[in-house]
Structures are given as C-alpha cells and as structure tokens.
Amino acid sequence: MQTYEIAVYPGDGIGPEVTDEAVRVLETVRAQLGGFALNITHLPWGADYYAENGRVAPPDFLDILRPFDAIFLGALGAPDRIPDHITLEPLVRTRQSFDQYACVRPARLFPGVRSPLAVEGSSEVDLVVVRENSEGEYVYCGGRFKVGEPEEFALQTAVHTRRGIERILRFGFELAMTRRQQLTLITKSNAQRYGFVLWDEILEEVREGYPSVKADKQHVDAATMNFVRWPERFDVVVGSNLFGDILSDLGGIIGGGLGLAPSANLNPEREYPSMFEPVHGSAPDIAGQGIANPVAAILSGAMMLEWLGLNAAADRVRQAVEATLSQRVGTPDLGGQLSTRQMTDRIIQNLEAKGN
Ligand code: NAD
Ligand code: IPM
Ligand code: MN
C-alpha cells in the first residue's frame, strides 16, 4: 500500500479551522476507498510560534518541508499582531524555492450557489486562473532608501524571464487543451513597456504550438471589467504573479465566494513537493467563530489527491461537495446557517451516501 507523507501547515486565523475539516474529509475518503495511506505531520508554525520563538517558522523550514510528498496549507496572517510581510514570508519563499511556478486557481459557480453577479450555473462561471508563481512582481528585489527622511523612497523591481513566461504559458495552453480550448493572457503592455511587452511577444511564439487553442490577450484593467460582465467568455486565464493574485480573488467571488475557491502551487517537474491551499487568507474578521466555509480547503485537498494520482478519491470529494452545495446549505458566507463543522458533516454524509 502506498503511503503519502503530507505536511500540514494550518497557520493562523481560520487556517486551522478549515484545515482540521479538510483533513477530516481526506481521512474519510481514504478510509472509504482504501489502497493508500496519508501520513500527516502537523507543523505548528505561524503567529503563535512567533510569540514563542521570535520567528514564524524554524530557520530550516524549507529543509523540513522538502522530503514530503505534498504540503497542505491553511492560511497565514495575523495582521493585528505581526506585519503581514513577516508572517507570509514562508509561503512566498516556499513557492519560489520549490519552483512551484504554476499556481492553478479554478473558479466555478456550482449549482445551488449564488454569485454576486446575475448569473447562475457553471456554464456562466467556469474558468481557471493560472498564475505565474515564481517570479514577476514577487521577487525580493529592491530596497528602502533614505529611510525616515523626506526624500525617502522604495524600489521594488519585478523580474519577468523568458524561461518563466514560456513555461507558464505552455502550462496554460496544455490546460486549455483539456478544457474549452481558450486562453487569455493578462497583460499591461500599454504601460509596462519592458515586462509585459515580453509577455505579449512570447504569447505569439508559444501559441504557434497550439493551433487549436483560441488565444487572446487583454489588459488587466479591461479583463477585470470583463470578468464581471462576461465571465462565461473566460476559460484559462494566464497572468503574472500579481495579476494572477488579484484576478483569483475576483474569480473566487464571482464563483460564489472565496470560501469556495481552492488552489494548487505546482512544481510540474515534481523535483520538489507541491503545495495546496485555499485562495483565501486567515480571515481575521470571522476567525474563532467556527463559521468559516471549509469548502475551499476541502477542494484544495481534492486537488492534492489528484496531484498524488488518487483521482478516484479526488472525484469523490468533489462530487460530495457539489452534492452538498446543490442542497442549498452552507455557512453564513453562502447565506446559510451551518457552522464550519456542520458544513463538513454534511459533505461527509454525502461522501458516505450510497451510490455517491
Ligand atoms: P481574506 O481572504 O482572509 O478575507 C477576505 C474576506 O473573505 C473576509 O471578509 C473574510 O471573512 C472572507 N473569507 C475568506 N475566507 C473565507 C471562508 N473560508 N469562509 C468565509 N469567509 C471567508 O483576505 P484579507 O482579509 O485581505 O487577509 C487577511 C489575512 O490573510 C492577511 O494577513 C493577509 O495577508 C492574509 N492572507 C493570507 C493568504 C494565504 O495564506 N494564502 C491569502 C490571502 C491573504
Ligand atoms: C494568495 C495571497 C498571497 C499572495 C499573500 C498572502 C502573500 O494573497 O495566496 O493569494 O499574494 O500570493
Ligand atoms: Mn491573494
């Protein structure tokens, strides 16, 4: 029997609340299907760890994470206690150091879920944001100068490499080939004349290899509007690190809410572990109340199962989530009254339902 070593990093705020529930679902589907084991190691890093140790994670945290088959993360950030750029550093470092360059963030409006847009059903919102996750605007390249002086300034330089752009575009085209054969590059080449002109040029090169995929490009400002007025026109959306970040929250909300939006940080070459986490953050405004929606974490768990080659288990989890949502029950963010735990109980009931 194959045993998978899973590092679980629940983090802060609602991170531990939704992670516990996602792990419960993973354990349930494992017990149902058998044939594989998940050996889970909890990593108690984050704001509480900081209070005791003066850092959010041990200095060798990357060495600790490297041997695992996958990393499952809840959410990081305790903004009223610690500045975000400190709590979030392990997350960004893990993505970059483990070359998890493909961040895959599907947004799909499930039957039974209301979108803030006047649309209903997955034919209206069914897109995937593919975010370049290893470079771009997120590299630690820059500095603060003349600190405290009236002339103080900061430099923050984005790095867009030919290799980085090419590989994420290829990843996007390959994904589009398995979907509706459409790809939109998010650009801003009308103002950012170096970085995004390079993105545009590489799109023209890479698309040659995928003649069946209809590819276009949109400036990020127009794309933001088009996500709202024409969500059905998007299939695979490829963007730089920052544009992908912004558009994945927008994708999440038009797909019914951030509480439903999963994500995967993939190292497609499998040289390092990949990492699975909800798109959302630690949601301090609702943390500790037991009302966070666990679905984004649970669907991130399904993405992890699929990445591990456990497709039957992944499908089962997705079907149970869909069945639950179609019963029009949910946590308060979905207009429902269930607690985090009750919502998971409903999903587990559907997982266990005969014939599911
Ligand atoms: P957020 O995603 O935490 O919350 C945005 C809004 O969505 C809030 O109103 C919140 O209540 C709601 N929401 C999010 N997840 C929900 C869920 N599962 N169920 C119900 N409602 C949910 O974004 P924010 O408020 O900008 O950030 C809070 C903290 O999280 C900050 O410290 C930020 O840096 C951090 N953050 C971390 C990650 C991550 O760990 N991957 C991602 C985004 C933000
Ligand atoms: C996300 C988050 C992170 C990001 C932050 C918390 C560093 O917003 O995963 O979407 O910008 O990548
Ligand atoms: Mn984000």
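Which residues of strand β10 (residues 236–239) point one way and which the other way, and are they buried or exposed?

Mentor: The model is a predicted one, and the description below should be read accordingly. In strand β10, Val-236 and Val-238 point one way, while Val-237 and Gly-239 point the other way. All of these residues are buried. In a regular strand, side chains alternate between the two faces of the sheet.

The strand has partners, which may be taken in turn. Strand β5 (residues 126–132) runs parallel to β10 and is joined to it by four bridges. Within this pairing, Val-130 stands opposite Val-238 of β10. Strand β8 (residues 182–187) also pairs with β10 in the parallel sense, over three bridges. Here Thr-184 is the residue opposite Val-237 of β10.

Contact between them involves 19 residues of domain 1 and 23 residues of domain 2. About 1,800 Å² is buried between domain 1 and domain 2, and carbon and sulfur atoms give 55% of that area. On the side of domain 1, the residues that lose the most area to domain 2 are Gln-96, Tyr-101 and Val-279, which together account for 36% of what that side buries.

Three salt bridges are counted between domain 1 and domain 2. As for helices, α5 (89–97), α10 (295–307) and α11 (311–326) each supply at least two residues of the side of domain 1 that touches domain 2. Of that side, α5 gives the most, with five residues.

A further residue deserves attention. Asn-293 lies in the loop between β12 (274–278) and α10. Asn-293 counts as buried because its relative accessible area is 4%, against a cut-off of under 20%. The side chain of Asn-293 reaches the backbone nitrogen of Val-295 at 2.9 Å, and makes a polar contact with the side chain of Thr-331 at 3.4 Å. Leaving aside residues up to four places away in sequence, Asn-293 touches Val-18, Gly-259, Leu-260, Thr-331, Asp-333 and Leu-334.

Key. Residues numbered from 1 in each chain as written. Chains lettered and ligands numbered in written order. Predicted model: local features only at pLDDT ≥ 70, side-chain atom pairs only at ≥ 80, totals over all residues. Heavy atoms only, no water. Buried < 20%, exposed > 50% of the residue type's maximum accessible area, 1.4 Å probe, protein only. Pairing = 2+ DSSP bridges. Contact = heavy atoms within 4.5 Å. Buried area = accessible area lost by both parts, 1.4 Å probe. Salt bridge = Lys/Arg side-chain N within 4 Å of Asp/Glu carboxyl O. Polar contact = N/O pair within 3.5 Å; in protein donor to acceptor, adjacent residues only side chain to side chain.
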